[in-house]
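User: Hi! Could you walk me through how some helices in this model pack and which residues are hidden?

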Amino acid sequence: MTDPIQAAETVLRLDGITKRFGDLTANCDVSLDLARGEILALLGENGAGKTTLMNILFGHYVADEGQVYIASPGTGLSELEAGSPHAALEAGIGMVHQHFTLAENLSALDNIVLGTENLSALTSARKPARQKLEDLIARSGLSVPLDARISQLSVGEKQRVEILKALYRDARVLVLDEPTAVLTPQESDTLFATLKKLADDGLAIIFISHKLAEVIASSHRVAVLRGGRKVADLPTADCDLRKLAELMVGHEIVETVRSKGSPGAPLLALNAVSAGEGRDALHEVDLTLNSGEILGIAGVSGNGQTMLARVISGLQVPASGTMTLAGNDETGANARKMIDEGLARIPEDRHHDGIVGAMSVSENLAIESIRKPQNQRFGLLRFSAMRETARRLIETYDIRCQGEDSPARLLSGGNIQKIVLARTLDPEPQVVLAAQPSRGLDVGATSDVHKRLLAARDRGAGVILISEDLDELMRLSDRIAVIHRGRLSAADPTEALDRGTLGLRMAGQSGEAA
Amino acid sequence: MIRFEPRPPASVSRMLGVSLAAALAALVLAAIPMLFAGLSVFEAYGLMVKGAFGSLFAFTEMLTRATPLILTGLAAAVAFRAKLWNIGAEGQLYVGALAAVAVGTGAIAAPAFVLIPLVVIAGALAGGLLMLGPTLLKTRLGVDEVVTTLLLNFIVLLFVQMMLEGPMQDPMGMGWPQSEPIVDEAALPKLLDRMRIHWGLVLALAASLGVYFLLKRTVWGFEIRAVGENAAAARHAGIPVTATFMRVGLLSGALAGIAGVGEVAGLKGYLTADLSPGFGYSGIVVAMLAGLSPIGVVFAALFIASIFVGADSMSRATGVSNYLADLIVAMALLCVLVSGLFLRFKVKFITAPSAREAGQ
């Protein structure tokens, strides 16, 4: 536990921070104190201003009003120079961004030392650096192969490198932006165990999150941001899930409840499909999806989910095996054909595969059906028809944007996902493939995704839900299969499963016995 | 201290303003070496303006020079839009010219209304086919098209030289490495009497409108933009990425090929190995100056052509090397590239406060 005398020592103070971007006020009069040895969770929906606030702290942005104060060792609080990441680093603030800032082709050691060495020195003092790091690793438990290239490391390891980078620079305040967004549940648990240990050693930690469970499990105090304002700042012990959710969203949450499905005839079938090679390969996968059901695919990230989605999407031709959709052989079909046959695909990386950021909302809504008669005639685009459809979809799917002509990249993650949902679900597809559909989304957007998937099921579509979130899977799926090292288990009814069984299967144990 | 802050997407008027400012800045920067050369800057620029716009002849010469630049500029712009880095417009221009000569020097006897389109099509086809190879290598094997298209330029030029000293040499040419002349029925007609300006300009302007229309209004254009902006998302959305690259490659090569046709069948009348003073490479500058906009390409080509023609005339009058033109064009490109920074970021100058103390 934290020493109470130490805990009272304030190391960081944000005072009345206000930041505007044009008409948008990203932060409005936010004040925050952080004590030594404390883990503070900064909670809020997408667009609530969490990242902006931390970017001001780290000097990426300059606040329009308000100051940041930081304590130096032995002295009291003093003002931090605004707008200078260099000053922030000097003052002992370390930041781990959501998207890592590592040089992929350098070793972990090089990445950590990068920027700390004197440029005019002729030799690089790697020995003392390595010594210091090995001490840090031993103390914190952040095990990282120091000599491996970053490109060879897993996501969890990369994150540990980022944390070590901050610690190596003697950070006394560590900021983590959505640290678990890219981690598996197991990796998240390890991360929080490490953070607890570091906090006990005196590090002050702020982590940004919109996942309520981890906030409750792992923080000492929670500050909730909503619409750029701080709406709550209270000890975690005084919170429960419901209270936090309501503070974050600003109104009561209605949980999605699944009614019993009425599965019909088989729609999509994979027969002994193998594809790809290496870590993400598929090995003789059998799968049958019926109409009117949601089939969940559980598994730890990197066990073949991506390849499975690519095969079904028509982006990867299987090396062997067959795939049928509604009785037609689709083995080796391309994406265009799969779409035309009535398959809706929600890609796991919506920014990378889902939208063309530079194109408008209306163009992104039309991109999958651009060759359909409703969008073109004799090869000429029908702009007014595209716009009209876009306006209708923006309305129906509640896409928050500045009109159908604004570039899609300006939208938040949740709204980008709504574009994908609108485009894929509006033509009432018979099969929906949803890969990690709620990853990185806030509570509101997630429940919207869930409702849409259940609605698709209820009108008779078959839905494949690939997810790493067990709660999501248990809540939505009628049956759940587990993927491990590219092999898919048989799908069992959700009622017959519990988290323990699934967890074991995800770890590759007793998969066959069940 | 200088700080860059990201800004929202710039408006069209702002983009135009920055482009003009960049051109102006280039002229100012180019004035410095002029001063060193002992020239009066205003006089020199006055001579350049006169050389490009001072008379009907000067003006038509400038337009004649702009004609191939519009086409090679379009070739670069349309390819770069799809992130297909075609650096080979120079080579495509030469094979276009070679094809025009092959068809248009008497091999086929036909009236002008048949032969002229035939010559243009032959040139376009030759340019397009030359670009097909690098495009195929890129899409099938992942070979970098920057390297293949660039190196093809030299191969093509050597090939043209070989043809001009061998099978295609003009027997009446007294041993000069040049082709037989284009027959009258295959020559692009002049636009004005006693001027060199020819129908290639009309072709180039039409091509610019055509490319604009293609990119903006058609399914193919939509697919080109989607592939260029995010190929992964385009592929995921079922857009035929490989086929789109093929179309772009063919179109880009064809446009450069037509530039070659214009030079040979509209201007020179026969093919030599010095047909193009680097129009293919200048086309890249034109496209960049135009921000890859097909309409903008026309104006960028006019700008560059007036600098080239104006500098030629100025150098004749003052004895200063016309390399100055290259210098101004290079400055303009640098200024435009730098100006991109001002479009994307707000630049703030900050007088460094006693920040050090505050940070301690």
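Analyst: A helix axis here is a line fitted to C-alpha atoms over the stretch in contact, and angles run from 0 to 180 degrees between N-to-C directions. Helices are DSSP runs (H or I, at least four residues), numbered from the N terminus. This is a predicted model, where local features need pLDDT of at least 70, side-chain atom pairs count only at pLDDT 80 or more, and totals for chains, interfaces and linings use all residues. Residues are numbered from 1 along each chain as its sequence is written, chains are lettered from A and ligands numbered from 1 in the order in which they are written, and side-chain values use heavy atoms, with hydrogens and water left out.

User: How are α3(B) and α12(B) oriented to each other?

Analyst: Helix α3 (residues 56-81) and helix α12 (residues 294-318) of chain B pack with axes 7 Å apart, at an angle of about 135°. Angles under 35 degrees count as roughly parallel, over 145 as roughly antiparallel, 65 to 115 as roughly perpendicular and the rest as oblique. The two helices, α3(B) and α12(B), are therefore oblique.

User: How do the residues of the contact of α3(B) with α12(B) divide into nonpolar, polar and charged?

Analyst: Contact means heavy atoms within 4.5 Å. Residues taking part include B:L63, B:L69 and B:I70 from α3(B), and B:V297, B:L302 and B:F308 from α12(B). Ala, Val, Leu, Ile, Met, Phe, Trp, Tyr, Cys and Pro count as nonpolar, Asp, Glu, Lys and Arg as charged, and the others, Gly among them, as polar. The division is 17 nonpolar, 2 polar and 4 charged.

User: Which residues of α2(B) meet α1(B)?

Analyst: The axes of α1 (residues 12-36) and α2 (residues 41-53) of chain B come within 10 Å and cross at roughly 115°. From α1(B) come B:L27, B:V28, B:A30, B:A31, B:M34 and B:L35, and they meet B:V41, B:A44 and B:Y45 in α2(B).

User: Is B:H198 buried or exposed?

Analyst: B:H198 lies in the loop between α6 (145-165) and α7 (200-217) of chain B. Beyond its neighbours within four places in sequence, B:H198 is in contact with residues including B:T64, B:L188 and B:G262. Buried means under 20% relative accessible area, exposed over 50%, partly exposed in between (1.4 Å probe, protein chains only). At 1% relative accessibility, B:H198 is therefore buried.

User: Which residue with a positive phi follows α10(A)?

Analyst: In α10 (residues 305-313) of chain A, 7 of the 9 residues are buried, among them A:M307, A:L308 and A:I312. With a positive phi near 85°, the residue that follows α10(A) is A:G314.
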